[in-house]
Structures are given as C-alpha cells and as structure tokens.
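Colleague: I have not looked at this one before. Can you walk me through it?
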There are 2 protein chains.
Amino acid sequence: MKPSIDPWGKGEVKDYGRLMEEFGLRPFDDFIKKLPDPPLLIRRGAVYAHRDFERIHSAIKSKKPFAMMTGLMPSGKFHLGHMMVAQQIVYYQSLGAHVFVCVADVEAYNVRRMPFDELRRTAIEEYLINYIALGLRPKSCTFYFQSAHTVPYYRLISMLPRRTTQNEFEAIYGTFDPQKLISVFYQIADILHPQLPDYLGPLPLVVPVGVDQDPHIRYTRDIASRINEFRFIPPSSTYHKFAKGLQGGKMSSSDPTSYIALTDTPEEARKKIMKHAFSGGRDTVEEHRKLGANLSVDVSYEYLYYLFEEDDRKMKKITEDYGSGKMLTGEVKKFLSEKLEKFLIRHREKREKAIDLVPKFLEK
Amino acid sequence: MKPSIDPWGKGEVKDYGRLMEEFGLRPFDDFIKKLPDPPLLIRRGAVYAHRDFERIHSAIKSKKPFAMMTGLMPSGKFHLGHMMVAQQIVYYQSLGAHVFVCVADVEAYNVRRMPFDELRRTAIEEYLINYIALGLRPKSCTFYFQSAHTVPYYRLISMLPRRTTQNEFEAIYGTFDPQKLISVFYQIADILHPQLPDYLGPLPLVVPVGVDQDPHIRYTRDIASRINEFRFIPPSSTYHKFAKGLQGGKMSSSDPTSYIALTDTPEEARKKIMKHAFSGGRDTVEEHRKLGANLSVDVSYEYLYYLFEEDDRKMKKITEDYGSGKMLTGEVKKFLSEKLEKFLIRHREKREKAIDLVPKFLEK
C-alpha cells in the first residue's frame, strides 16, 4: 500500500484538517499568543500544527536549553518558500535555541545524483548566505554537510540498521531501495545527533517541517525509542503551510515561473508578480466590484499576509477592501511589488555583508 | 535463488576446484616460488587461489607501493584459524605493504547485535595483541574501527547506495535487509578507502580471504568501477583454506572444543589435541600399521603441515611414516603438542611485550 504522504512526492496538500486527524498532530493556535514576539508567519498561522511542542514552549519559558534542527536540499534558487523556514530558524535562535542546519548532500547525491562540489556551492551561495542575510548568527549554530560531519554522527547512523526492518521501512515509505534507506538513516541521525553526549545531550529539540515530512518525524521518534545506548527525548515538530507558487501549487526551485528568488532583481520580481501571480480577482471589474476577490486562492494576497505586510491594521484593511471588491488585483499586485522591491534591495545589501560571516559557519 | 556461497553462512567448502571454476579464480601455485621467503602456510599451499595477484607481485618485485586490507569480526577467542590470516598480514607488511586492519564492529553491532564497548575490548585484547605478538608493527599499519574512523571513509560509504540496486544486492547475497546492506557498504569502503586521495591514492591492494568472502570481493570490484569520482584499481584477492576445527569442520570461536586459542595454556592445548583432535588413524594398531593414516582428514597432521613443522625434511618424514602406518596417532599428537606448547609459551611472552605497543596502533 502506498502511504498517503510521500516525502519524496510533490507535497501538495488539500486538506490539512484531515491530515492532522490521521497522524495525530495537534493545532498550534494556542502557542501563538504564548510565544514571545513571534515572526509574522507564526503570528498569522502559517505554522498550524505540532507534536510535543509543549516541551519546547516550556524550555523557552523557563530559559532551559533546547535545540532546533532543520535540513536543506541544496538544489536551485533560494526562494520565498525557503525564507519561511529561514524565518523560523532565526526566530528559534533568537529565543535561545542551539540551531542545527544540515545540508542534505548525501541524500541529494544518492537520490538526485548531483555531484558533491556543486551541492556544496549551492548550499553556501544560495542557502547559507541567505540565512545569514535573514538573521542567522554563527553563535549557537551548527551548519554542517551530511558528507562531512563528525565521527559520533556517523557512528549514530551505523547504529540504526538493527533498529528497523525492511517491512517497517516499506510500510512507511512505500519503497525500499539502497538510496532511500541511506537517505532516511542520515535524516534520522540529523534529527537525533544533537542529543548525543558528544553534542548537547538529551534535550528538547524541535524540527519545523512541511507535513509531507511527517513520516520521517514519526519514524525517527520510533527509532529513537529503540536505541537503548542513549536516552533521546522524542523530538518535537511543527508543521507549516507550503509557500504557494506564483501560479498556485507549490513553489518549486525547478520552475522559475513558480518562485520569487531572494536574488531576483526588484524588476524581475515585479514582473513575475504582475505576470504570473495567480489572482483571486474576478473576470471583469464590474463582477469584481460586486463579488470581491477570492482571497483563499490569491497568491499576492497570501504573500502579503504571511510575509510582507507586518501591520495588522493595514492587513485587515487589505483583506476587507480586496475581499469586498473595493481594491483591484492590479492594486494589490502593485502594493506587494513595492514591498517586495524594498525587501529585495535591502536583502541584497544584507547578502553582501553576509558573505563575510560565511567562514565563521564553515570553520566549525 | 540462494547463491552458492554465502558470506554469512558456515563456510565449509567441499570442492575448491569447482569453486575456482565457477567464480573465475586462478591457482596461486605459480606465485609460491616467486614470492620472497613466504611463510609456511603460503609455502605449503594453504593460499590456493587469487584474483589479479599479478599486480601485487609486480609491486613487490619492483618495490612499488602496495597495500593489504583485512577485516576482523571481534567475537570470542583468537585461535589458530585467525593466526593463519595474521601470518599473511605480517608477511605482506614485511614485504612493504601498507596494512589496513579493520575491526568490523559496525557489522557485529548490527548483524550480531553486540555492544560497541565489548567489541572494542575483544578487538584489542584478543586480536590486536595477538597480531602484535605475531609480528605486526605500527609503522605502515592502519588499525581502525568501522565505528570510529575518518570522514573521507564515511563519505565514501555515503557514495555507494546510488551505485547499486535492490535487485543486484539480492542476486549476490540472497537477501536484502537494512543490517546486511549497511554491513556490505562498510565492507566495500573498508576495501576501497585505502585508495582515496586522503589515504594512499590508487594503488594495488590485496585482500586475503576465505572463499566464502568472494561475493564481497566481486561486488566491491564492480562497484569500484562505477564510482567515477576516483580511479580505483580493482582490488586483488587471495583465497586461503579454512583452518580445520579440532574435530574437523571449521574452527569456530563459538565452540571451544573446535579451536586452540593463542591464549590457551600449554596444558589446555595439549589436552585438547589429545582428546579432541580428529584422527586419520585406523581403529586398531594392526589395521593402522597395515593401511597407514588417512592424512587428508587428520587434524593434528594438518596443523603440523600448515602451521608448526617448518622443516620440510621432517615434514616429509612424518608424511611418510604416518601415511604408511609406521607412526601412530598418539605419536603425532604428542609431537604436535610439544611444538604447540613451545609456541604457546613463547607467544605468551610476546603477548606481554605486545601490550606496550597497543597505544601506538590506537593513537592514529
């Protein structure tokens, strides 16, 4: 039987509610108000579910050590979708988390058959530099490559095979081949190794993921409980919505008309918004004035909502005016484009400064 | 289909000739005279087959760099069977080989479910100390644990999954499970990593194995040819007979009545020979005098032949006298016991001195 979520699949999710029920996730709402100064995307509900986030929240509240782990697959341009994850990384770091950022180059090498040197270049030039520009700091950050980490990490990977079976693996992933198996073992170690005695020891750790990655989380938690040499605390997880691509669907590095890259020029970005951003506006101005825009499918509106309009009052006004038809798609796109242009210009400056910090991340 | 040799099986081989034909091995005879001062077991033909040994021989002849790789599974006592491998290691080292000795603790951890610390203790106390006592020197030797080696080694392991498929693996090993897969990937890297640029670079390398390990050799050679990042020279291999257990069959660490351990006291060893060593002598003295001993099944005779009677003239005399019935089993056993006692007493002294050298092997 093919499992209903496939971490190697496209990851478009239609019904978040059903998913949460099926996999025992719990709504994140309650934590939004409890978290100190959350970033826009958390404040507006882009992080919608969790598993065991209580542990993380209580560590934050009592200023106890905790960690955050995330992985990146270095392919293509760093875009707004990646930024949504980066903002969470930076936020947790600001709250005191030790942040582990894993470059999944072993997975990319095996599953996507990309060469290590190209993966390394992309990881640094596209991902790391943008993370730094978005606020990531070298202190309390372990940025590493799966292909070049530490002996305790590899030793942990070597301890995983006897904790599982072919049957279990197939039941979770719907397949069992050498490439997937290795990728999964690396991912499990990515999530668990911060708790090794050589690192921070057992502590609460949160992994922010898209729901398509939940099989990894569940499998990792199960396997962690079977390793008797260490006392792993089951990792917590949060689930964020996927950034919509310009034309709806998922934002994807492999389709330039689906994304705004953080290295797009302001002009490129404006053109993409104007030309490609899927609109919830109606076919004619007349109809639009009467019915208002369909906000739930409007991509420009969503970018403003989760990423670019910090001011709740202004956002509320856009929601009312665009939703009622008073505001037209062209006006919303123009408004977003201006915000985006400003952001990209500032981000470009930050990227230039960020380059100096790169060695600080790599020297560890 | 179950393959006809199973590296995880018992490894009793009835027909070496058939095996050589089936797997394209070539007879080792020609090299015996060409090799400088070979140890007894090579001189007497216990190493009977090879693949690509020409490369090793010409490196030896022209004093060019070459390497030898061997693995050990640290379980139980170090016995005469292990000594046959150790003698080859020491010999190749004396010829100028850089020697890699791998403790297969990741395999033992996963397949035999033994804890790392116990594996480490056994590897050092049983194997390493006996190797040293038998002549292994720290210079030109890399003694390492699979669970605690180097990043380039682990990186090489991570590059293997995309070079194979589930089907290929199953065709070779008759099974495909996470434990076996990891064990095999580690073994392939064990054999290939000496040729990495971080180590010695491409060079001739020989792996002395029992024929039951040949699937690993063939698979490693195939996979090496598929890795385009490095120019591996296909590893060479030699094939030695298994040391017979005291009662025939295979000498096995799990059955104390099957082996002479190198830490057995002279008395224990003598008793084991007298009591357990399978005899090719006849049921009655009368019959024995008439027919002579069946040398091909006589275990004491075999130990003398491959391990303890260096003098060809004396060995010839024993062969004649025992084979003709002039010599009785009791006499042969007594003769072997005396040799063995002397050897064990000297070996014990050497072991005591060997302990001082252990840190030299482990510090690297």
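Modeller: One term to start with: a residue is called buried if 20 or more other C-beta atoms lie within 10 Å of its own, exposed if 12 or fewer, and partly exposed in between. By that rule, four of the five residues of strand β2 (residues 47–51) of chain A are buried, so β2(A) is largely enclosed by the rest of the structure. Keep in mind that this is a predicted model.

Colleague: Which strands does β2(A) pair with?

Modeller: With strand β1 (residues 26–27) of chain A, β2(A) forms two bridges in the antiparallel sense. With strand β7 (residues 236–240) of chain A, β2(A) has four bridges, also antiparallel.

Colleague: What is the pLDDT of chain A on average?

Modeller: The average for chain A is 93, and 96% of the residues score at least 70. Residues 1–7 of chain A are below 50, and that stretch has 15 contacts in the model beyond near neighbours in sequence. Where pLDDT is low, the predicted coordinates should not be read in detail.

Colleague: And what are the scores for the model as a whole?

Modeller: The ipTM is 0.90 and the pTM is 0.92.

Colleague: How many residues are in contact between them?

Modeller: 24 residues of chain B are in contact with 24 residues of chain A. On the side of chain B that touches chain A, α6 (105–111), α8 (151–158), α9 (166–173) and α10 (178–192) of chain B each supply at least two residues. By class, that side of chain B has twelve nonpolar, eight polar and four charged residues.

Colleague: Why do you say the copies meet through the same surface?

Modeller: Because 100% of the interface residues of chain B are also interface residues in chain A.

Colleague: Take α8 in chain A. How many of its residues are buried?

Modeller: Six of the eight residues of helix α8 (residues 151–158) of chain A are buried, and the helix is mostly covered. The buried ones are A:Tyr153, A:Tyr154, A:Arg155, A:Leu156, A:Ile157 and A:Ser158.

Colleague: What covers those buried residues?

Modeller: The cover includes α10 (178–192) of chain A, together with α6, α8 and α10 of chain B.

Colleague: Change of topic: the sheet in chain B. What is the strand order?

Modeller: The order is β1-β2-β7-β6-β3-β4-β5 (chain B), in an open sheet of seven strands with mixed pairing. At the edges are β1 (26–27) and β5 of chain B, each of which pairs on one side only.

Colleague: How many residues of β4(B) are buried?

Modeller: Six of the six residues of strand β4 (residues 98–103) of chain B are buried, so β4(B) is largely enclosed by the rest of the structure. Both faces are covered, with B:His98, B:Phe100 and B:Cys102 on one side and B:Val99, B:Val101 and B:Val103 on the other.

Colleague: Which strands pair with β4(B)?

Modeller: Strand β3 (residues 67–72) of chain B pairs with β4(B) in the parallel sense over six bridges. Strand β5 (residues 141–145) of chain B runs parallel to β4(B) and is joined to it by five bridges. B:Cys102 stands opposite B:Gly71, and also opposite B:Tyr144 in β5(B).

Colleague: What do β3(B) and β4(B) make with helix α5?

Modeller: A right-handed β-α-β unit, with helix α5 (residues 80–94) of chain B as the helix.

Colleague: Back to chain A. What is phi at A:Asp37 and A:Asp52?

Modeller: Phi of A:Asp37 is near 45 degrees, a positive value in a residue other than glycine. Phi of A:Asp52 is near 55 degrees, again positive in a residue other than glycine.

Colleague: Where are they found?

Modeller: A:Asp37 is in the loop between α2 (29–34) and α3 (40–43) of chain A. With 9 other C-beta atoms within 10 Å, A:Asp37 is exposed. A:Asp52 is in the loop between β2 and α4 (53–61) of chain A, and is partly exposed, with 18 other C-beta atoms within 10 Å.

Key: Residues are numbered from 1 along each chain as its sequence is written. Chains are lettered from A and ligands numbered from 1 in the order in which they are written. This is a predicted model: local features need pLDDT of at least 70, side-chain atom pairs count only at pLDDT 80 or more; totals for chains, interfaces and linings use all residues. Two residues are in contact if their C-beta atoms, placed from the backbone, lie within 7 Å. Ala, Val, Leu, Ile, Met, Phe, Trp, Tyr, Cys and Pro count as nonpolar, Asp, Glu, Lys and Arg as charged, and the others, Gly among them, as polar. pLDDT is the predictor's confidence in each residue, from 0 to 100. Two strands pair if DSSP finds at least two bridges between them. A crossover is right-handed if, with the strands pointing away from the viewer, the path from the first strand over the helix to the second runs clockwise.
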